[in-house]
Amino acid sequence: AVFAASSPFMEIVVIALLLPVRPTIDMAQAVSRHLSSGNIGGAREIFFGTLWRHHAVMDEHALARAAIETVAVRFMERIMSGVLWYMVFGLPALFIVYIVTLLNDTLGASGGPFGVASRQAYNALSWLPSRLASGLWIVAALFVTEGKVKETAAILWPLMASLSPQALSLACIAYIQNISLGGPGSPYGGGAWIGPASPKAMPSHIKKALYLYAVLH
């Protein structure tokens, strides 16, 4: 009886743990703070043990891009996907999203059968959330693009049919912020540059990305 009475509270705790809203904010703010103070070493350490395997040689622009890309992809794959499938199938679906995302992070880059399977499962699970997230990005653009929402939407709309979930997430924030993301060092863009302008991201771009992240929520 005690467990039954507390189960809604426990479910809320589990949901809060599996939706990394605050950790994403803390990570991006820490990178921005280190870069603003000239502490590139401190910014590099934040990406230790992550998908950014070449963090030790990344310059300030690559580190800023890494923070922005992480914000964009995490919103799609862990927040949007998690909330969507939780609303449809309940708490077990949230665990599935977490596990599939983790498997894709650890095995997706490999060429073996497990890597291929994890990528396929991830793409299938993330396809719809990434398209819905794109619509929210366009709404969020109302707050930062100074009336260029129609132009941004016109660019992003055809990309929804062709880009992978992660690449589409990069495209959304890149075109809204008028920068380029991805490139050879990114684990998300498939090696291609995505965006209309310079890849020289700065701490100011991270702060704008966090503002967009708040608007999306």
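1. Helix 4 covers residues 60-89, and its 30 residues should span 44 Å at 1.5 Å a residue; the end C-alpha atoms lie 42 Å apart, which agrees. The expected span is 1.5 Å times one less than the number of residues. Helices here are DSSP runs of H or I with at least four residues, numbered from the N terminus.

2. This is a predicted model, in which local features need pLDDT of at least 70 and side-chain atom pairs pLDDT 80 or more, while totals for chains, interfaces and linings use all residues. Numbering runs from 1 along each chain as its sequence is written, and side-chain values use heavy atoms, without hydrogens or water.

3. At Phe75, helix 4 bends by about 35°, the angle between axes fitted to the seven residues ending there and the seven starting there. Just after the helix, Gly90 has a positive phi of about 90°.

4. Asp105 sits in helix 5 (residues 91-107) and counts as buried because its relative accessibility is 13%. Beyond four places in sequence, Asp105 touches Leu51, Arg53 and Arg78, where contact means heavy atoms within 4.5 Å.

Key:
Helix = DSSP H or I, 4+ residues; strand = E, 2+ residues; numbered from the N terminus. Buried < 20%, exposed > 50% of the residue type's maximum accessible area, 1.4 Å probe, protein only.
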